[in-house]
Amino acid sequence: MDGMQNDIEIIRPAMRDADVRSRAGSASPADLKLIRKGLLTLHTLELMAVNIYRCQITPRPTGLNRALVAAMCNEMTHLQDFQVKLYEYGWRPSPFRWAYWIVGWCFGAFSRLRGPKAILKTGVWVETKAVHHYAQLLGTIPWDDETRAIVEKNQADEVGHVARWKSMLGGAGNPE
């Protein structure tokens, strides 16, 4: 991840086989409790984000749809990042993640029904919340260096999404 941490143009950073390792027992029990809670939170919120974008995409060949597909792919990468980390620690994703899937579907579907400006406003709102969550988790959880780098990269991606959606929203007339 060196050199790529804040490059938001990289949608899917490379991951090599050697990057996967067991992290079980790598921290104190108290720290592991915080790490687990943080990874579960990030994993479920990224699942929600993937579903928001998936439900906002229409079949039309527009700039907005291209940007939504790229954002969805990026969020899928975040989801994978946190799922891998959960398994590296010996944990599993939350059995209640289906609720976040439904919430994501609702945000995505309802904003799509309301049109491009609603899609963009939803994106700005949701991604701003994500940046805030990332900041809280970066400030309160004793991440190992590799996991911290992933969390920071993913937060930078969310900042990039906010900027993209704001830019498209502020564009001339129709954001499509």
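Which residues are buried in α3? In this predicted model, local features need pLDDT of at least 70 and side-chain atom pairs count only at pLDDT 80 or more, while totals for chains, interfaces and linings use all residues. Residues are numbered from 1 along each chain as its sequence is written, and side-chain values use heavy atoms, with hydrogens and water left out.

**View 1. Helix α3 and its buried residues.** The residues of α3 that are buried include G104, G108, A109 and S111, where buried means under 20% relative accessible area, exposed over 50% and partly exposed in between, with a 1.4 Å probe and protein chains only. Helices are DSSP runs of H or I with at least four residues, strands are runs of E with at least two, and both are numbered from the N terminus. Among what covers the buried residues of α3 are α1 and α4, with contact taken as heavy atoms within 4.5 Å. The 18 residues of α3 should span 26 Å at 1.5 Å a residue, which agrees with the 26 Å between its end C-alpha atoms; the expected span is 1.5 Å times one less than the number of residues. Just after α3, G115 takes a positive phi of about 110°.

View 2. A99 lies in helix α3 and counts as partly exposed, at 29% relative accessibility. A99 and T44 are 55 residues apart in sequence, and their C-alpha atoms are 8.9 Å apart in space.

**View 3. The contact of α3 with α4.** Helix α3 (residues 97-114) and helix α4 (residues 116-140) have axes that come within 7 Å and cross at roughly 145°; axes are lines fitted to C-alpha atoms, for helices over the stretch in contact, and angles run from 0 to 180 degrees between N-to-C directions. On the α3 side the contact is made by F107, S111, R112 and R114, and on the α4 side by A118, I119, T122 and W125. These residues divide into four nonpolar, two polar and two charged, where Ala, Val, Leu, Ile, Met, Phe, Trp, Tyr, Cys and Pro count as nonpolar, Asp, Glu, Lys and Arg as charged, and the others, Gly among them, as polar.

**View 4. Two of the aromatic pairs.** The structure holds five aromatic pairs, defined for rings of Phe, Tyr and Trp (its six-membered ring) whose centres lie within 6.5 Å, with planes under 30 degrees apart counted as stacked, over 60 as edge-to-face and the rest as tilted. F82 and Y134 form a tilted pair, 6.3 Å centre to centre with 45° between the planes. F82 lies in helix α2 and Y134 in helix α4, so this pair ties together parts that are 52 residues apart in sequence. F82 is buried at a relative accessible area of 0%, and Y134 counts as buried at 2% relative accessibility. F107 and W125 form a tilted pair as well, 5.6 Å centre to centre with 45° between the planes. F107 counts as partly exposed at 30% relative accessibility, and W125 is partly exposed with a relative accessible area of 45%.

**View 5. The largest nonpolar core.** Of its 16 residues, I35, L39, L42, F82, W91, W143 and V151 touch the most other members; a nonpolar core is a set of buried Ala, Val, Leu, Ile, Met, Phe, Trp, Tyr and Cys residues joined through side-chain atoms within 4.5 Å. The elements that give two or more residues to this core are α1 (29-56), α2 (63-88), α4 and α5 (145-169), and α1 gives the most, with five residues.
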